[in-house]
Amino acid sequence: MSEDKKTAEQQEKKSTIPRGPAATAAKNKYRDNNYDRAELAIPKGMKATIREIAKQQGQSFNEYVCAAIKEKVQQDTGEELAWEKK
């Protein structure tokens, strides 16, 4: 067995991330119970720019967009937009 293949198999065995249909169902259930989904339509090319800026800030695209929304709500209403599980 080649060294690269052996290393990849060893890393896969060490992985603690659950895989398979049951794990996917559990992740989807968690997501559905804890998050709302929203589609964001932005001009072509803007997503790549935002993604790069977010990366430079050490954030995911989603974290960056959520922070921008919270900042705008604070600016417009004077109130802090906080996440509360209902």
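## Asn34 and its polar contact

A polar contact is a pair of N or O atoms within 3.5 Å, where, within protein, one atom must be able to donate a hydrogen and the other to accept it. In this predicted model, the side chain of Asn34 makes such a contact with the backbone oxygen of Tyr30, at 2.8 Å.

Asn34 belongs to helix 2, which covers residues 21-34. Asn34 has a relative accessible area of 11%, and because the cut-off for a buried residue is under 20%, Asn34 is counted as buried.

## Confidence along the chain

The protein has a mean pLDDT of 87, with 80% of its residues at 70 or more.

## The largest pocket

The volume of the largest pocket is about 1000 Å³, and 22 residues form its lining, with Tyr35, Asp36, Asn62, Cys66 and Trp83 lying nearest the centre of the pocket.

Helix 2, the helix in which Asn34 is found, supplies at least two residues of this lining, as does helix 4 (61-77). The largest share comes from helix 4, with 6 residues. Sorted by class, the lining of the largest pocket holds 10 nonpolar and 9 charged residues, together with 3 polar ones.

Definitions and conventions. Residues are numbered from 1 along each chain as its sequence is written. Side-chain values use heavy atoms; hydrogens and water are left out. pLDDT is the predictor's confidence in each residue, from 0 to 100. Helices (H or I, at least four residues) and strands (E, at least two) are DSSP runs, numbered from the N terminus. Buried means under 20% relative accessible area, exposed over 50%, partly exposed in between (1.4 Å probe, protein chains only). On a 1 Å grid over the protein atoms alone, a cavity is a set of points where a 1.4 Å probe fits but cannot get out, and a pocket is an open set with protein on both sides within 12 Å along at least five of seven lines; lining residues have an atom within 4 Å of a point. Grid points are joined across faces, edges and corners, and a volume is the space filled by probe spheres set on the points. Ala, Val, Leu, Ile, Met, Phe, Trp, Tyr, Cys and Pro count as nonpolar, Asp, Glu, Lys and Arg as charged, and the others, Gly among them, as polar.
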